[in-house]
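Please read it beside the sequence and the coordinates.

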Amino acid sequence: MTTLPATVFEKIIAGQLPADIVYKDDRVTAFRDIHPRAPTHILIVPNKVIATTDDIADGDEALIGHLVTVARDLARQEGIAKNGYRLIINCREHGGQEVYHLHIHLLGGRPLGPMVTDSPAGA
Ligand code: 5GP
């Protein structure tokens with residue numbers, strides 16, 4: 001069996017790599033993105049390794065729901081809930097995923113523009 005190298009997020013969850021952690025419990029860790037694209041840019045990550053949304057098991061439903069309610073609470077805590085925000089999950093190459101440990105991006109604090117950059121070739 002091949003053991004994949006730990007991602008940076010695994011190291012952050014294990015306390016082996018520094019990060020600005022804003023929330024942690026037994027299932028989820030949330031920390032500020034090292035390269036923020038908005039005034040608030042937080043990553044909400046399951047403590048157990050799920051590489052992509054395609055790797056979510058049916059039994060993970062409660063965990064995925066917990067990630068979203070943590071994102072909701074952090075948006076309120078950051079003071080961005082009233083004006084609104086965006087939650088993003090990128091999956092694999094076409095989704096632009098860089099770190100293969102499932103995470104929700106919580107972005108807000110300014111108008112975020114179109115959901116997807118238009119392609120000259122169309123949809
Ligand atoms: P993805 O493209 O996989 O959806 O997003 C990965 C995110 O992780 C990127 O926004 C990137 O800036 C962030 N990131 C990558 N390495 C680190 C790190 O070591 N620490 C933190 N806090 N964020 C990271």
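This is a predicted model: local features need pLDDT of at least 70, side-chain atom pairs count only at pLDDT 80 or more; totals for chains, interfaces and linings use all residues.

1. A nitrogen atom of the ligand lies 3.3 Å from a backbone N or O atom of Ile34. Arg32 also supplies a polar backbone atom, 2.9 Å from a nitrogen atom of the ligand. On the oxygen side, a backbone N or O atom of Glu98 is 2.7 Å from an oxygen atom of the ligand.

2. The ligand has 17 residues around it, and those that come nearest are Asp33, Arg37, Glu98, His103 and His105.

3. The largest pocket holds about 710 Å³ of space. It is lined by 29 residues, of which Asp33, Arg37, His41, Leu43 and His105 are closest to the centre. Two or more lining residues come from each of H1, strand S2 (28-32), strand S3 (40-46), strand S4 (85-88) and strand S5 (104-108). Sorted by class, the lining comprises 15 nonpolar, seven polar and seven charged residues.

4. Is His105 buried or exposed? His105 counts as buried because its relative accessibility is 11%, and the cut-off for buried is under 20%. Its side chain makes a polar contact of 2.8 Å with the side chain of His41. Beyond its neighbours within four places in sequence, His105 is in contact with Asp33, His41, Ile42, Leu43, Arg86, Leu87, Ile88 and Asn90.

5. Val45 belongs to strand S3. With a relative accessible area of 0%, Val45 is buried. Setting aside residues up to four places away in sequence, Val45 touches Phe9, Ile13, Arg27, Val28, Thr29, Phe31, Leu67, His101, Leu102 and His103. One of these, Arg27, is 18 residues from Val45 along the chain, and their C-alpha atoms are separated by 8.7 Å.

6. Lastly, Ala6 lies in the segment before helix H1 (8-13). Ala6 is classed as partly exposed because its relative accessible area is 38%, between the limits of 20% and 50%. Along the chain Ala6 and Tyr100 are 94 residues apart, yet 9.5 Å separates their C-alpha atoms.

Terms used: Residues are numbered from 1 along each chain as its sequence is written. Side-chain values use heavy atoms; hydrogens and water are left out. Helices (H or I, at least four residues) and strands (E, at least two) are DSSP runs, numbered from the N terminus. Buried means under 20% relative accessible area, exposed over 50%, partly exposed in between (1.4 Å probe, protein chains only). On a 1 Å grid over the protein atoms alone, a cavity is a set of points where a 1.4 Å probe fits but cannot get out, and a pocket is an open set with protein on both sides within 12 Å along at least five of seven lines; lining residues have an atom within 4 Å of a point. Grid points are joined across faces, edges and corners, and a volume is the space filled by probe spheres set on the points. Ala, Val, Leu, Ile, Met, Phe, Trp, Tyr, Cys and Pro count as nonpolar, Asp, Glu, Lys and Arg as charged, and the others, Gly among them, as polar. A polar contact is a pair of N or O atoms within 3.5 Å; within protein, one must be able to donate a hydrogen and the other to accept it, and residues adjacent in sequence count only if both atoms are side-chain atoms. Contact means heavy atoms within 4.5 Å. A residue is near a molecule or strand if one of its heavy atoms lies within 4 Å of it.
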